Amino acid sequence: MIEVKNVTKRFGKKTVLKGISFTAEKGEITCLIGINGVGKTTIMKAIMALTPIDSGDILIDGEKIRKETYEKITFIPDAITMLPSMKISDAFTFMADFYGGWNQLRANELLQFFRLNEGDRISELSKGNTAKVNLLLGLSMDVDYILMDEPFSGIDIFSREQITEVFTSHLIEDRGVIITTHEINDIEHLIDKAVLIDNGVVIKEFNTEEVRENEGKSVVDVMREVYKG
Amino acid sequence: MNRFLKLVNFEFNRFLKLYLVLIGMTILLQMIGVILESRHYLSQVNQSIYKELMPKQQFLEQFGTFSFSNIAHSFWFMGPIALCIAALVIYVFFIWYRDWFGKNTFIYRLFMLPTSRLNVYMAKATVIFLCILGLVAVQLLLFPLENRIVKWMIPNEFLSVLSLNGITNIDYLTILYPSSFLEFILYYGGGMIAVFMVFTAILFERSFRIKGIIYGILYCAFSLFIFLAPLLVNTFLLKNYFYPLELFFMEIVTGLIVLAGAIWTGHYLLKNKVRV
């Protein structure tokens with residue numbers, strides 16, 4: 001379980017996170033929802049210790065992040081984090097060199113699924129294919145948790161369908177996923193838990209299945225209530 | 001340790017192209033320099049002795065013999081050395097900033113490796129050090145080759161032959177090729193301490209951005225003060241009380257303190273303060 005407890009974060013005089021708390025379970029897809037600039041990316045960076053927080057705690061399976069934790073959790077930022085000069089195969093070598101949990105079989109499987117070519121240079125890929133490689137590098141790790149920041153931004157509809165397909169496949173199963181998006185429609189039916197964020201705090205955290213069954217509301221319905229009501 | 005060496009290898013490969021260009025440029029420009037300087041001298045010889053019929057003895061008195069020193073002080077020779085130094089100084093900064101800037105922010109990846117972030121820091125420093133030694137070694141190999149060309153081109157009676165030892169004793173080259181191990185430690189150790197200091201200053205900037213520049217400058221000033229403290233105390237308070245060797249060892253101690261401070265501070269910033 002990933003626990004974010006009362007996290008605050010300031011950028012200069014502006015407080016971006018004002019005591020954010022939520023949890024994300026293993027085996028569930030948790031979606032952070034909020035308008036742009038609300039601090040979703042900051043939360044993910046904070047979980048990965050890529051940016052310091054001013055107060056609060058973030059625990060991964062009850063522990064603070066250590067260097068070993070990076071074998072257990074991976075972050076797929078909204079832009080690819082490999083050198084543009086690398087070929088896809090070079091990126092694979094890099095990952096295999098540094099991560100014990102790199103799963104080359106899965107990488108090959110995804111390469112086929114996304115119809116990518118191992119010999120292509122990252123700098124020469126289209127936007128959609130770059131996003132797919134980025135996703136591939138994260139998904140091919142044998143980790144318990146995956147954080148994805150806006151995996152659908154700037155991607156054409158067919159690539160988007162391919163990516164959503166991944167979510168329902170064995171590639172995601174049993175893992176804990178935290179995802180941010182502002183295009184909730186594409187993945188509404190996939191997510192288990194929604195965390196609505198506004199103004200630096202969590203305004204609602206709910207199980208989508210329960211709300212759908214008990215109140216007959218979709219995630220978008222709840223969002224409408226919360227943000228407009 | 002294993003991941004550290006992989007990081008060193010990885011970082012080195014990222015610099016390799018530029019590095020080979022530097023080496024190639026040094027070889028090319030220095031060879032051109034050797035030939036041009038030699039021919040220039042020879043044309044002087046021809047002009048004076050064969051056209052103006054100056055006696056050889058008088059020519060040698062007036063223009064002197066030709067030696068490697070003529071070449072070592074030419075633009076063609078010093079230019080590439082200065083360029084290599086400048087390139088490495090710039091790369092001390094670029095080796096960090098290239099990971100933050102550009103289309104793909106590779107620093108995310110580096111900071112999410114399942115290894116201590118200090119390894120990233122040390123790997124970058126190691127690459128800088130290896131590159132310095134590499135260039136110095138290439139130059140050392142170039143000397144005999146260049147010397148050979150000089151011997152081919154200049155007739156014996158106009159040439160003062162310098163040995164390799166003689167060449168490395170030409171004024172500014174003694175800094176690159178110190179004659180004792182202690183001096184080597186002093187120059188290269190001092191240089192590496194400066195690299196670590198700059199690294200940590202860069203991390204101050206990367207942690208606190210604009211405010212970080214000020215912290216970085218203050219940190220460097222403080223480190224320099226510590227490093228130079230024995231010299232300052234000896235000069236201004238004790239009126240040259242210590243022997244040079246005593247001062248030397250005190251400098252080594254303060255140097256190690258500054259080095260440890262740089263690495264510890266860098267480690268702290270990487271672990272707790274740095275932002276991507």
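**Helix 1 and helix 2, chain B**

I looked up the handedness of the crossing first. Helix 1 of chain B crosses helix 2 of chain B in a right-handed sense. I am working on a predicted model.

Next I checked the geometry. The axes of helix 1 (residues 2-51) and helix 2 (residues 56-63) of chain B come within 10 Å and cross at roughly 135°. Helix 1 of chain B is therefore oblique to helix 2 of chain B. The cut-off matters here: roughly antiparallel would need an angle over 145 degrees.

Which residues in helix 1 of chain B meet helix 2 of chain B? I found B:Gln44, B:Val45, B:Ser48 and B:Ile49.

**Helix 4 and helix 9, chain B**

Helix 4 of chain B packs against helix 9 (residues 181-237) of chain B at an angle of about 30°, and their axes are 9 Å apart. Angles under 35 degrees count as roughly parallel. So I put helix 4 and helix 9 of chain B down as roughly parallel to each other. Their crossing is right-handed.

I listed the residues that meet. Helix 4 of chain B brings B:Val92, B:Phe93, B:Trp96 and B:Trp100. Helix 9 of chain B brings B:Val195, B:Val198, B:Ile202 and B:Arg206. I sorted them by class: 7 nonpolar, no polar and 1 charged.

**Domains of chain B**

Where do the domains of chain B lie? Domain 1 covers 1-164 and domain 2 covers 178-276. I read off 27 Å between their C-alpha centres. The contact between them takes 14 residues from domain 1 of chain B and 12 residues from domain 2 of chain B.

I then asked what builds the domain 1 side. Helix 4 (75-100), helix 5 (107-111) and helix 6 (117-153) of chain B each give two or more residues to it. Helix 6 of chain B has the largest share, 6 residues. This side of domain 1 of chain B divides into 12 nonpolar, 1 polar and 1 charged.

**Chain B against chain A**

How many residues of chain B are in contact with chain A? I noted 18 from chain B, and they meet 20 residues of chain A. On the chain B side, helix 1, helix 5 and helix 10 (244-273) give two or more residues. Helix 5 of chain B gives the most, with 3 residues. The classes on this side of chain B are 7 nonpolar, 5 polar and 6 charged residues.

**Strands of chain A**

I moved to the sheet. In chain A, 6 strands form an open sheet with mixed pairing, in the order 5-6-7-3-8-9. Strand 5 (73-76) and strand 9 (201-207) of chain A are the edges, and each pairs on one side only. The twist averages 15° from one strand to the next.

I checked one pair inside this order. Strand 3 (residues 29-33) and strand 7 (residues 176-181) of chain A pair in the parallel sense over 5 bridges. A:Leu32 has A:Thr180 in strand 7 of chain A as its bridge partner.

Last, I looked at the hairpin. Strand 1 (residues 2-11) and strand 2 (residues 14-24) of chain A run antiparallel and are joined by 8 bridges. A:Val7 stands opposite A:Ile20 in strand 2 of chain A. The hairpin leaves 2 residues between strand 1 and strand 2 of chain A. In its turn, A:Gly12 has a positive phi of about 65°.

Definitions and conventions:
Residues are numbered from 1 along each chain as its sequence is written. Chains are lettered from A and ligands numbered from 1 in the order in which they are written. This is a predicted model: local features need pLDDT of at least 70, side-chain atom pairs count only at pLDDT 80 or more; totals for chains, interfaces and linings use all residues. Domain bounds come from an automatic or database domain assignment. Two residues are in contact if their C-beta atoms, placed from the backbone, lie within 7 Å. Helices (H or I, at least four residues) and strands (E, at least two) are DSSP runs, numbered from the N terminus. Ala, Val, Leu, Ile, Met, Phe, Trp, Tyr, Cys and Pro count as nonpolar, Asp, Glu, Lys and Arg as charged, and the others, Gly among them, as polar. Axes are lines fitted to C-alpha atoms, for helices over the stretch in contact, and angles run from 0 to 180 degrees between N-to-C directions. Angles under 35 degrees count as roughly parallel, over 145 as roughly antiparallel, 65 to 115 as roughly perpendicular and the rest as oblique. A crossing is left-handed if the near helix is turned anticlockwise from the far one by less than a right angle, and right-handed if clockwise. Two strands pair if DSSP finds at least two bridges between them.
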